[in-house]
Each structure stands twice: as C-alpha cells, then as structure tokens.
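This report describes the architecture of a single protein chain. Please consult the sequence and the model shown below while reading.

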Amino acid sequence: MNIRRPNIPAHLPAPAHTIRRSLALLCVLLGVTGCLLPILPGLPFFVVAARLLGPRDRQLRRVIIAGRQALRQLRVARQPLLRRVGHQLTPHWRSFTRLMLGA
C-alpha cells in the first residue's frame, strides 16, 4: 500500500526561518521608526534584525554591497565635500557591517 503525500514545494521556507524573517522585518520597521523619532533608538534594532537574518541572507548581502558601492561612488565624486563624506563614512560602514554580521 502506497500512501500519497500532498505535493508540497521544496522551496517553501521552514517555519523557523519564516518566524526569524518576520521578527527581523519587525526589527527593521522599529529601526526605521527609531531613525525618524528621537525617543526610540534605531541602531540596535537594525543590528538585531541583521543578526536574526544571518550572514548568508541574500537581501542582507545585497544591502551591504549596495552601501559599499554607494560609498565608493561618494569617494570618487567630483565635489570635494562628497568625497570627504565618503572617506569619513567608509570605516564606520565597515565596522557597522562587521557588527551586523557578527564577524
């Protein structure tokens, strides 16, 4: 006797992964709210969201790469003020991404 299982696609995320992603999204929303409101700090929520997603998350990697590319464009800008801002923000971005990824 052969029992047929329902066709469940293999690409559906596990429940734990879905819960972690949902919590990370909530932390991102709280972080954005914290950036807009002076009462709530935003940075800790971004760090917690990145830790929940983990270093292998594609979207998190894309954000990190996009930030790196934006800073690179600032560093080679024609305006001296933008170049200076790009050079000043680069070490902070590197330490922030290390903090987010736990490296």
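## Burial and the salt bridge

Aspartate 57 is buried, with a relative accessible area of 7%; here, buried denotes under 20% relative accessible area, exposed over 50%, and partly exposed the range in between (1.4 Å probe, protein chains only). The model is predicted, so local features need pLDDT of at least 70 and side-chain atom pairs count only at pLDDT 80 or more, while totals for chains, interfaces and linings use all residues. Residues are numbered from 1 along each chain as its sequence is written, and side-chain values use heavy atoms, with hydrogens and water left out.

The partner of aspartate 57 in a salt bridge is arginine 21, and their closest N and O atoms lie 2.5 Å apart. A salt bridge is defined as a side-chain nitrogen of Lys or Arg within 4 Å of a carboxyl oxygen of Asp or Glu. Arginine 21 is partly exposed, at a relative accessible area of 30%. Side chains of opposite charge can pair when their charged atoms come close.

| Residue | Relative accessible area | Class |
|---|---|---|
| Arginine 21 | 30% | partly exposed |
| Glycine 42 | 7% | buried |
| Valine 85 | 29% | partly exposed |

## Overall fold

The chain has four helices and zero strands, in the order α-α-α-α along the sequence. Helices (H or I, at least four residues) and strands (E, at least two) are DSSP runs, numbered from the N terminus. Buried residues account for 20% of the 103 residues. The accessible surface comes to about 8500 Å², with 64% belonging to carbon and sulfur atoms; these areas derive from the Shrake-Rupley method with a 1.4 Å probe, and for residues only the protein chains shown count as cover. Of the contacts (heavy atoms within 4.5 Å) between residues at least 6 apart in sequence, 48% join residues at least 24 apart.

## Nonpolar core and helix packing

The largest nonpolar core comprises seven residues: Val47, Ala50, Leu60, Ile64, Phe96, Met100 and Leu101. Such a core is a set of buried Ala, Val, Leu, Ile, Met, Phe, Trp, Tyr and Cys residues joined through side-chain atoms within 4.5 Å. H2, H3 and helix H4 (80–101) each supply at least two of its residues, and H4 gives the largest share, three residues. Beyond its neighbours within four places in sequence, methionine 100 is in contact with Phe46, Val47, Ala50, Arg51, Leu60 and Ile64.

H2 and H4 pack with their axes 7 Å apart, at an angle of about 55°. Axes are lines fitted to C-alpha atoms, for helices over the stretch in contact, and angles run from 0 to 180 degrees between N-to-C directions. The two helices are therefore oblique to each other, a class left after roughly parallel (under 35 degrees), roughly antiparallel (over 145) and roughly perpendicular (65 to 115).

## Two further positions

Glycine 42 is located in the loop between H1 and H2. Not counting residues up to four places away in sequence, glycine 42 touches Gly31, Gly34 and Cys35. Valine 85 lies in helix H4, and its C-alpha atom is 7.6 Å from that of arginine 75, 10 residues apart in sequence.
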